[in-house]
Structure formats: structure tokens, C-alpha cells
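Subject: Structure handover

Hello,

Here is the structure you were waiting for. My notes on it come after the structure itself.

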Amino acid sequence: MTTIDDLPPLRAVIATHDLSAKKSLGQNFLLDLNLTAKIARQAGDLTGCDVLEVGPGPGGLTRGLLAEGARRVLAVEKDPRCMAPLAEIAARYPGRLQVINADALAIDPTRYLTPPIRVVANLPYNVGTELLVRWLTPDHWPPFWDSLTLMFQKEVAERIIAQPGGKAYGRLAILAQWRTDPKVVMSLPPEAFTPAPKVHSAVVHLTRRPAPLYPADAATLSRVVAMAFNQRRKMLRSSLKGLAPDVEGLIRAAGLDPTTRAEQVGLEGFCALARLVKG
Ligand code: SAM
């Protein structure tokens with residue numbers, strides 16, 4: 001395996017530090033440094049950017065980000081066993097890698113970063129969707145980041161870019177497309193990871209929009225969409241019952257047919273509904 005720096009190959013790092021993969025932490029490592037550098041490149045030009053990386057593990061993607069010229073990387077990793085190998089990378093790139101041993105769901109990364117900021121991560125599957133929704137739904141826009149370049153299970157990637165009418169269309173598609181322009185930029189087979197997961201994976205690059213496509217309050221939109229898709233086969237007038245006293249009137253006022261199902265409703269319709277609910 002060719003290497004992108006003069007640090008030991010990742011297989012050796014894993015053996016030296018006894019980093020047997022833990023399923024509970026969603027550990028499926030990328031050991032090919034050419035592949036991790038390619039993923040880093042999907043985030044665009046990193047020079048002059050701070051990068052937030054969640055779940056660096058033994059540091060394959062971290063090394064890719066640094067080799068591709070990221071100004072600084074903040075790597076947040078829950079597994080204390082990864083601290084020693086990550087410290088070796090930090091020593092190789094003085095002043096450019098800060099590692100925090102913490103649960104990414106429990107910290108505020110903005111305290112450690114200077115804009116422009118890009119988020120790049122091979123996310124642990126168990127927390128990936130939760131982090132994405134959090135990054136997409138701050139009260140105010142634009143958010144702290146310019147772009148998100150994230151590895152997901154292929155099915156989750158399909159849900160992010162899905163259009164109305166299909167089975168994959170739902171809350172993730174609406175929240176992602178409302179405020180960002182998401183694109184699937186790479187597909188990876190299970191064998192790209194060690195250990196190999198059961199599913200295929202894909203890298204999604206989400207560029208933030210300067211403003212959301214249609215005005216709406218993020219928390220209200222999120223609530224309306226969650227309710228509508230919780231019973232996706234039902235008509236809106238039933239799935240949204242309880243949202244407001246005259247829910248059928250609201251649906252009509254939003255320009256929608258109360259007998260429509262959630263998966264037929266586009267972004268504009270959901271945003272109109274969220275504005276009326278909030279109003
Ligand atoms: N980035 C590495 C790579 O590409 O080889 C590892 C990716 S592995 C799919 C996910 C990583 O996220 C693991 O190292 C795991 O320990 C870490 N992790 C899991 N849950 C986490 C959490 N809540 N906060 C931070 N890191 C977490």
C-alpha cells in the first residue's frame with residue numbers, strides 16, 4: 001500500500017495499539033490511505049479551512065485531511081484507545097491536529113474552530129443521522145460550517161438526495177435539501193472497510209445554501225415533517241391530526257390537498273405548512 005505521509009501503515013498502527021474494532025462504537029475502519037485522501041478531496045480545497053472530523057478512529061481520514069492541506073483538524077473521538085495513535089499524527093503535523101476524547105453529541109465544536117469550517121467524517125453509523133439532523137437544523141442560518149462531507153450507509157445517502165414520490169423520500173431529504181445542495185460523490189463497497197460491514201456505503205457532500213430554499217422555522221418544519229412521515233401511508237389530514245385545531249384548513253391554506261400522502265408533498269408545500277403552523 002502506498003502511503004501519503006511517513007507515518008506507519010494503518011494495519012501496523014492497529015496492531016501496535018491493539019485497536020480491535022468495537023461494534024458498539026460503529027467501528028469499520030478505512031485502511032487505504034489513498035482512499036482516505038480521495039475522500040478528503042471530495043470536501044474541496046481544504047487549505048485555509050478548519051475541519052471538524054467526528055470519529056477519526058486510528059486516523060486514516062485524519063491523515064488524508066492533513067496531507068490534503070487542511071489548515072487545522074479538530075478530531076472528536078469517543079474511544080480512548082485511539083488517543084495514542086492520534087497523538088502520533090498530531091506530532092507529525094505540529095499545531096494542525098487537535099484531538100478531543102469525547103462523545104461528539106456532547107460537545108460544542110465551535111469553541112475550538114475558526115471559520116471557514118468544513119465537516120468531514122466517516123461517521124459512526126449509530127450517531128450519523130442524529131449528527132446530520134443537528135447540523136441541518138440550527139435556529140439560525142447560515143450554520144457554523146460551509147460544507148459537510150460525510151460517509152453513510154448507501155440507503156441513508158439515498159434518503160438524503162431522494163425526490164418526492166419514492167420510498168426513500170422523507171424527513172432527511174426535506175431537511176437536507178431545504179438548506180443545502182446534497183450530492184452523492186463516491187460509492188464504496190463493504191470490502192473498503194475493516195471489518196467489512198454488511199452494507200454498501202456512500203459519501204455525500206452537502207454544500208450549504210446562502211439561505212433556505214423557502215422560509216420556515218427549522219424546529220417547526222422538522223416537527224411537521226416528522227409527524228407527516230411517521231405515518232407515511234396515511235393522508236395528511238390523518239397523519240397531521242393533533243398538529244392544530246383545524247388541521248384540514250391549514251393544509252388547504254398551504255395549497256395542499258388534505259387527502260395527499262406525505263411522500264407526494266414537495267419542499268415548498270411542507271415549508272408553507274410549517275409557516276402556517278408557526279403563525
Ligand atoms: N474515521 C475512521 C476511519 O475512517 O477509519 C473511523 C470510522 S468508524 C466508522 C467510526 C468512528 O467513530 C470510530 O472510531 C468510533 O470509535 C467513533 N465514534 C463512535 N461513536 C462516537 C461518538 N458518539 N462520538 C465520537 N466518536 C464516535
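This is a predicted model: local features need pLDDT of at least 70, side-chain atom pairs count only at pLDDT 80 or more; totals for chains, interfaces and linings use all residues.

Residues are numbered from 1 along each chain as its sequence is written, and side-chain values use heavy atoms, with hydrogens and water left out.

Domains

The domain assignment, which is automatic or from a database, gives domain 1 (10-208) and domain 2 (218-278). Their centres, taken over C-alpha atoms, are 33 Å apart. Domain 1 puts 14 residues into the contact and domain 2 puts in 15; contact means heavy atoms within 4.5 Å.

Between them the domains bury about 1100 Å², 68% of it on carbon and sulfur atoms. Buried area here is the accessible area (1.4 Å probe) that two parts lose on being put together, summed over both. Of the area that domain 1 buries against domain 2, Y169, I174 and W178 supply 46%, more than any other three residues.

The rule finds 5 residue pairs in polar contact across this interface, both residues at pLDDT 80 or more. A polar contact is a pair of N or O atoms within 3.5 Å; within protein, one must be able to donate a hydrogen and the other to accept it, and residues adjacent in sequence count only if both atoms are side-chain atoms.

Ligand

The ligand is surrounded by 21 residues (a heavy atom within 4 Å), and the closest are L30, G55, E77, D103 and N122. An N or O atom in the E77 side chain is 2.6 Å from a ligand oxygen atom. A backbone N or O atom of L30 lies 2.8 Å from an oxygen atom of the ligand.

Regards
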